[in-house]
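Please look through the model shown here before reading on. The paragraphs below go from a sheet to the nonpolar cores.

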Amino acid sequence: MDRILDTIDSPADVKRLSIPDLEKLAAEIRQELITVLSKTGGHLGPNLGVVELTIAMHYVFNTPEDHFLFDVSHQAYVHKLLTGRREQFHTIRTPGGLNGFMLRSESPHDCYGAGHAGTALSAALGMAVARDRVGGTEHVVALAGDAAFTCGITYEALNNIAHHTRRMLVVLNDNEWSIDKNVGAIASYLHKIVTNPKYDYLHDQAAKFVEKIGGKRALLMARKAEEAAKFMLWPSVIFEELGLKYYGPIDGHDISTLIKTFEFLKTQERPVLLHVLTQKGKGFEPALQKQKQFHGLGPYDPETGETKPLGRRTYSEVFADTLVKLASMNDKVVAITAAMPNGTGLDRFRTHHPKRYFDVGIAEEHAVLFAAGLAVKGFKPFCAIYSTFLQRAFDPVVHDVCLQNLPVVFCMDRGGLSGDDGPTHHGLFDISYLRAIPNLVHMVPKDEDELADMLFTAMLYDGPIAVRYPRGVGPGTPVKDVPKAISIGKAELLQHGDHDRVAIFALGALIPMAKEIALKLEAQGYPAAVINARFAKPIDVEMLEFYAGSVDVILTLEDHVLKGGFGSAVLEELNNLGIDTPVVRIGWPDQFIEHGKPESLRAKYGISAESALEKVLARLKAPAQRALQPRL
Ligand SMILES: Cc1ncc(C[n+]2csc(CCOP(=O)(O)OP(=O)(O)O)c2C)c(N)n1
């Protein structure tokens, strides 16, 4: 049977459809999402929840002239399907294919890219103010989930909106879920609105009204709608007090009501917030049953929703299991997550130590400040925040934790390339941004067992300390029952000979690559030592000095940008020592890396044994260009 979806090449095609056809389109989009994502993986639950909402937005507004901003933008797949990307949709999140988030370079309909939460309202306000300045007529619509309202910056925007623009629409997509169940006072507050017995009455009135005016001319409708809006309006203190007219809550799966409501709101000359209720995972039973998993996942069976087990424990799981153990040893240990209990593994910790577990919402700055306060009072907070999201808390890390030398542990999951999520989620900057901060120690484990040792070391250490570990599974090294402490700033010599010509200092996940390079160098007559650097700060200066004085080339390997990274730290130390042994650095170049499979991205950008070998051999074979300088 012909699909309506196959006739949608742009939002103009959506506008031509009748309500029954729009409903049919919604069902087809759901099926498309379930089928395609079963192969590519992705944010299925959030997108199943916004199908009708996105259709209605495109029915009423006109992108790209009007602007849609989706908070995080993990729920923008439907928008992609309706804005000329239907034929490429099967490539989503695959190498060279569509990105899983909004991307300005991907389409004129993506006016604003995102991947981190809480950005939509502020950016939308900027666009609305810019429009007002030049007398534009376009609409700016920011769609944000209920969890975005746990982000501080969302309130920083709300604090400004009414003062700076008369026309902007905020759509609060309330499904009561973040990735886990949404938490905190705001979540309870929204829940109170939608469960208030008065709501049913108001909703009925609104629905009746919308029914009555259906089909009348737009102007008349707008005027009547204004009247009827009294019924829809819920005197919600928080948004109204902040100067936004509040409407709702309305059923986010009722296309007809959504369209009529947007048509009315479009006429409003004031900032408004529309509260829409949706169901995350709607239309796919496994996604409704397993909300957390289906927020975002890899490939699954499109019939049953079953996923393939990974076989080994992930780094996140090893982290969480170790922390459970440490908390049993030390009653000062507490764990903090910023809305990522599942992703960080801390849901396991919550099961064992519920009173020592804190989910603070999508609030990384607050998480770090909260940890600082706990540390002041003698607790040992382990702050589990992905490398990419800790960027948001840079100032509290500097100003509150490190400046006061507080014993907070930063556990940075997804340190390194994140793969198919792409540039918003790669954790490629943390060594650079943390290495510059006095007092902070930065560690990188080579395997699961060393991660456990590093967490134990962090528990004992009386100061700020960070550990980064990669996404997914590690090499499968068994974890000892009892972890051991590692000396701060001491590297581990993994293999060496009597006449090494090269010293390879590698960090974390790149140790196997270091061993492969050493084998290849050996085969060409250049024996090489392999060092597990362990620390990006402080680096093992003694080991570095020893090898710099005896080998011809030093090679550094890191899953991190070269600028300011581990290799840069090595160069700085050599410079301090007055040693000019040539250094070949392998790491990510000075550009944002697209999404893709880690192996192919590494090959493309030269983070490979072959590329390292070529560069090292070129150095070894080049005529000596250096004279050893006396030590200063
Ligand atoms: C700064 C930041 N922290 C954490 C995340 C991880 N994250 C992605 S989506 C999400 C939950 C979003 O929930 P909500 O906004 O309610 O949208 P829904 O998925 O429920 O539609 C979180 C915590 C992020 N993207 N950005």
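Two strands are said to pair if DSSP finds at least two bridges between them. With that in mind, the reader can turn to this model, which is predicted, and find in it an open sheet of seven strands, with mixed pairing, whose order is β7-β6-β8-β9-β11-β10-β15. At the edges of this sheet lie β7, residues 357–359, and β15, residues 535–537, each of which pairs on one side only. From one strand to the next the twist averages 20°.

Within the sheet, strand β6 (residues 333–337) and strand β8 (residues 380–384) run parallel and are joined by five bridges, and V334 is found opposite P381 in β8. Helix α18, made up of residues 364–376, packs on the sheet, where it touches β6, β7, β8 and β9 (409–412). The direction of helix α18 makes about 165° with that of β8.

The nonpolar cores come next. The largest nonpolar core has 54 residues, and the members that touch the most other members are L25, I29, L33, L44, I55 and F262. Helix α2, which spans residues 19–40, supplies the largest share of this core, namely eight residues.

Terms used:
Residues numbered from 1 in each chain as written. Predicted model: local features only at pLDDT ≥ 70, side-chain atom pairs only at ≥ 80, totals over all residues. Heavy atoms only, no water. Helix = DSSP H or I, 4+ residues; strand = E, 2+ residues; numbered from the N terminus. Axes fitted to C-alpha atoms, helices over the stretch in contact; angles between N-to-C directions. Contact = heavy atoms within 4.5 Å. Core = buried A, V, L, I, M, F, W, Y, C linked by side-chain atoms within 4.5 Å. Buried < 20%, exposed > 50% of the residue type's maximum accessible area, 1.4 Å probe, protein only.
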